[in-house]
Amino acid sequence: MNERLIVSHIAAEEFASILRRVPALEDARVLAVACSGGPDSMALTLLLHAWAQTHGRQVVALTVDHGLRAVSAQEALQVQQWLHDRGIAHEILPWLGEKPRTRIQETAREMRYHLLATWCQEHRVPVLLTAHHAQDQAETFLMRLAKGSGLRGLCAMRALVERLPVKLVRPLLTISPQRLHLTLKQFQQPFIEDVSNANHDFERVRWRHTWAALTQHGLTLDAVLTTIGRLTESQNLIDGQLAQMVTQFLTKSPYGYLIVDWQGAQVLPAEAIELLLTHTLWLFSNKGWQSKYQAVKALCSDIRKGQRRIFTLGGAIIQVKGPQLLIFREVRAAPPPQVLGEGAHTLWWDRRFLLDIEVPQGETITLKPLGTQARSKEIIPTRALLAMPSFWREDNLFFSPTTIDDTINENGWLISVRSHWRKL
């Protein structure tokens, strides 16, 4: 769809057509939408609510109060009032605790997704929608281009991201912010203007203000979206080839480590081996695919030289063992201890294990890597045990899985640990 030809608001029929192209919504009866109160998220929330009313769905809007500005709590309450007046369910999620002094936007973004995903997990809501639009997509592309990102990075944001057990959906990536403003006018809905959008200390804001100059040289939003689309087609082709290599040369252990058939993979071109190893490390990493490109090339070279048997990279320990590479989570890179209170919890822990936990009334339990308490077991390497999840009551080990799909279910406690690796 050519945005240059469309300057009108988003009609209900067009929005319904957009959502029909999102398979993740087919079976979801309850949908969450991130709503900061800005024009983009307000437009998405109102469009989604109108759609849900005619499709038998329920919508809950979630506002994260970062507490970074004195008026943030008041703004969150204003959003709540606006939405309640329209019959839209709404929850405010406060960010408690000490706030960062550096990397403010990056840390706030990480905490925002954590709070949103946690709420969705606790309330068994499978899909979270966000209002990222075409201008956001173009800015992401330019930011990654400036950092020398590879193909995957230049594909910018994806319309669907699996953040188990929540699916993140971005339905507006081809829609301009101008059309979202027009949509709000059609709804006669006011919105909150975030003053941080004018703060040039933030990288995205600087790119946003640079955009006007770029358009004078003929760079259009439509052209950037076309380029992203073509790059995505190429990336999808590579992903298909990568999936074949993963099936042939990579084994995902249910105990949270990986086995690479290094000797067998030598039939592949060097670039393909590097791609396979990059993907293998990405399964552990919280960072982007391309962040380790040069480091992976150096790692492959060092492994071929055979001068060392143990390497560390990207939060993983790589051990050369005969014709194989055994790749373990580095304990210090595993998630920090987390205290869970009474009630039900569903967690995707370290992108390797899916945990279902029921804590009895009045009880708490601490989830953390097993660490030095690991004891060698016949079928589980010690390095794997070190970084497996464990559950503690005070200073006493309460439960640690020792077999596949291990479960404890007694005296009101339920702890289930299942292997669940992130997907390509």
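## A hairpin and its neighbours

Which residue takes a positive phi in the hairpin of S18 and S19? That residue is Asn411, with phi near 50°, in a hairpin that has two residues between the strands. Strands here are DSSP E runs of at least two residues and helices are H or I runs of at least four, numbered from the N terminus. Strands count as paired if DSSP finds at least two bridges between them.

Let's follow the pairing. S18 (residues 407-410) meets S19 antiparallel, over four bridges, and Asn409 has Leu414 of S19 as its bridge partner. Strand S14 (residues 353-359) also runs antiparallel to S19 (residues 413-419), joined by six bridges. Leu414 turns up here too, as the bridge partner of Glu358.

## Two nonpolar cores

A nonpolar core is a set of buried Ala, Val, Leu, Ile, Met, Phe, Trp, Tyr and Cys residues joined through side-chain atoms within 4.5 Å; buried means under 20% relative accessible area, with a 1.4 Å probe and protein chains only. The largest one has 35 residues, and Phe15, Leu31, Leu48, Trp51, Leu83 and Leu129 have the most contacts inside it. Elements giving two or more residues to this core include H1 (12-20), S1 (30-34) and H7 (177-187). H2 provides the largest share, eight residues.

Beyond its neighbours within four places in sequence, Phe15 is in contact (heavy atoms within 4.5 Å) with Ile10, Leu44, Leu47, Leu48, Trp51 and Leu172. Another core lies apart, with 30 residues, among them Leu281, Leu299, Leu325 and Trp421.

## About the model

This is a predicted model, in which local features need pLDDT of at least 70 and side-chain atom pairs pLDDT 80 or more, while totals for chains, interfaces and linings use all residues. Residues are numbered from 1 along each chain as its sequence is written, and side-chain values use heavy atoms, leaving out hydrogens and water.

Notes. Buried means under 20% relative accessible area, exposed over 50%, partly exposed in between (1.4 Å probe, protein chains only).
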